[in-house]
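The sequence and structure come next.

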Amino acid sequence: MKVVNGYTISLIIISCVSFLFSITHVNMSFIPYFLILAGIVIVLEICPIRLPSGDQYSAGSIGFLFLLIHSGFSYSILVIFLATAAYYIKGLKKRKIRLIHLFVTIGMYVGSTLASLLVWNWTESLSLLIRIGLVSIVFEMVNFMLLEGIEVTVFGKKMFTNLKTKIVELLIPVVVSIIVLSRWALVDSETELLFTMFYSLFFLLVVNFFSHEFVKQLTLRQSISEAFIQVLEGRITPSLAGHGNRVGVICDTILEDFNYPKRKRFDLVQAATIHDIGKAILPSYIFRKRGDMTLSEEREYQTHPEKAVEMVKTMFPKESFSEWILYHHERWDGKGFPKGLQGEEIPIESRILALANELDHIISRNHDAETILKLLVEKSGTWLDPQLVEKVELHHIEQVLENVLPYKEETKEESAQLYANHGTYSNLGESFFIKVKNGTVVSPKNDPPVDFVLSLAEMASRRKGGVHETFTSDHQTFDLHAQLESSGEVTIFVHDLTPYLGYRKSLEQNILESYVEVINTVSDGKIMLYPSKKGLLEKLGEQIADISIKSNSDVPKSRKLTLEVLQQIPTEINSMQVQVAVSEAVTNILKHATSGNLSIFRRDQLLQFFISDKGSGIPLHEIPKTILVSGYSSKRSLGQGFKMISNFSNGVSIYTSSEGTSILIEYRQQTS
């Protein structure tokens, strides 16, 4: 991308010259009133309405045009500088933005405003409504033309691609501008104008709030999918980790120029992210083995789209959604699977998924944009839809590399760290035979102990058949099978399970550590999952109260104890909510364990309620559901109260294993 070129430099010059012109042509007596109007416009600019398609509609342009009509060119340019700078500063919190982008954007707005001013002056003889309509159309059209120039000179795109779609998208800002500006322009007094503008601002902020909440739910769904898919892929094989998320990023990048309906883009990107979820059901050795798969392994591998559909239907009931995933391995020439569909028999969404999927595989081996594009074109007409491949240009590949490579390196580093020094199934422990003849151990081993071996042989002799037993010591575990032979000897097959159990424990710890980040992400940092109980215990301060939980009668006792402590140490969150949260956690001890304990601690300015049990633990996959899905409950989850506990507290920390669960609920003390 060549950001600095003749075109962008000219826009920067326009922005600078217009600013110098404006500050020398303002009436100082109008400044207080102007600042109020500017404040309203800035709010409109930095709080855009989020559309379901993922686009944002900023109403700041309405303010630019109103000041142009009401106060003149100079004031319109000044508010453009202020509002655009505010939007730029807001964006710095999320990502690094080059200063040149700010001045290029201002230059585009200035050019659009100047064209609107000319139209406004040339149409003095027409009615107010027609003039406002023409000004609104010209502003949006000129801004669109200038943006096309950016696409051509900076990104190397062709001009006016998907022209019909882009023109349709201009209808919303044009219609809104005409409606709002017509109302504002008819107001006579400045007081009434300010009231009308504040009323419009309030209405747009309400719409903005609901649009953000709606998009937030969609984004949350996508975030949890991305987190889980990465964990699943990493468990299958480290080389697969992050593949689904990268395909989603690639899909999102190329759809802009594929003329694909915006209302369906979110669903397609979501499908791209989880398209390989069916691989999680297949045996992991298929993906870990070296060399080609056998015919039987290949047949099993080819079932993963159908297995994915079974899983996807439970999460996303839309029939089309699962159909896109089912056919993402079909080929344009009909040699794909699972149905052998050919050409346009394959849904367009599946063809797009196939292209994005193939592009990620190519990028995993090559980082040169021209080479990647060449390799992609070679797949055209055989693996991939030639019409789709034709739409992929060099600037798309460069943009994909910019978006995917940093993420890929991050995933690779995490995956390498996750699997380092943890061994594999290649070492499952030693196997050997022990013979017992006439009460004497032949070819003895140091482990298991001789007396245990003799007792097992005696039992096999008594039963005159096979006996299976497990021996466990502090450091080793053996699986033993004793069989009485016709000669009267007893043969014992012994397998050392110690390495396998160590590996399994290590793997469980890895999974737990992976969920730490997942839980932290989906709860916005409010809920922390600890990979070890020691880390959770280190957070505790000085103990001030304690009570055992063994029966239902202990629940009101725990509530009474909580109230007594709160009367002495009040918290920022009201007493009733604290009691409800603690009672809910205590009640769950009785639901999922035989007994437990409630301990209350004080550390610095925090009041801590520590609830622990010796049950079977909470399955990790249940925890995100209880956070995300309101009212979700299952026999082994923390129940419907889990989301409430997190809402009625300043923070929740959890440790869970097969030996029990510990929950720490924290509250900030009142400072006054």
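## Helix packing and backbone features

In this predicted model, the crossing of helices H6 and H8 is right-handed. On the H6 side the contact is made by Leu 128, Leu 129, Ile 132, Gly 133, Ser 136, Ile 137 and Glu 140, and on the H8 side by Pro 173, Val 174, Ser 177, Ile 178, Leu 181, Ser 182 and Ala 185. Sorted by class, these are nine nonpolar, four polar and one charged residues. H6 spans residues 128-153 and H8 residues 171-185; they pack at an angle of about 140°, with their axes 9 Å apart. Angles over 145 degrees count as roughly antiparallel, and the pair H6 and H8 is therefore classed as oblique.

A second pair is formed by helix H2 (residues 31-46) and helix H3 (residues 60-70), whose axes come within 7 Å and cross at roughly 155°. H2 is therefore roughly antiparallel to H3. From H2, the residues Tyr 33, Phe 34, Leu 37, Val 41, Leu 44 and Glu 45 meet Gly 60, Ser 61, Gly 63, Phe 64, Leu 67 and His 70 of H3. This contact of H2 with H3 has seven nonpolar, four polar and one charged residues.

For the chain as a whole, there are 26 helices and 13 strands. Of its 672 residues, 47% are buried. Among contacts between residues at least 6 apart in sequence, 64% join residues at least 24 apart. The accessible surface comes to about 34100 Å², and carbon and sulfur atoms account for 57% of that area.

Some backbone values also deserve a note. Most residues other than glycine have a negative phi, and most peptide bonds are trans. Phe 337 and Pro 338 are joined by a cis peptide bond, with omega about 15°. Pro 338 lies in the loop between helix H15 (319-326) and helix H16 (348-363).

Exposed means over 50% relative accessible area.

Key: Residues are numbered from 1 along each chain as its sequence is written. This is a predicted model: local features need pLDDT of at least 70, side-chain atom pairs count only at pLDDT 80 or more; totals for chains, interfaces and linings use all residues. Side-chain values use heavy atoms; hydrogens and water are left out. Axes are lines fitted to C-alpha atoms, for helices over the stretch in contact, and angles run from 0 to 180 degrees between N-to-C directions. Helices (H or I, at least four residues) and strands (E, at least two) are DSSP runs, numbered from the N terminus. Angles under 35 degrees count as roughly parallel, over 145 as roughly antiparallel, 65 to 115 as roughly perpendicular and the rest as oblique. A crossing is left-handed if the near helix is turned anticlockwise from the far one by less than a right angle, and right-handed if clockwise. Contact means heavy atoms within 4.5 Å. Ala, Val, Leu, Ile, Met, Phe, Trp, Tyr, Cys and Pro count as nonpolar, Asp, Glu, Lys and Arg as charged, and the others, Gly among them, as polar. Buried means under 20% relative accessible area, exposed over 50%, partly exposed in between (1.4 Å probe, protein chains only). Accessible areas come from the Shrake-Rupley method with a 1.4 Å probe; for residues, only the protein chains shown count as cover.
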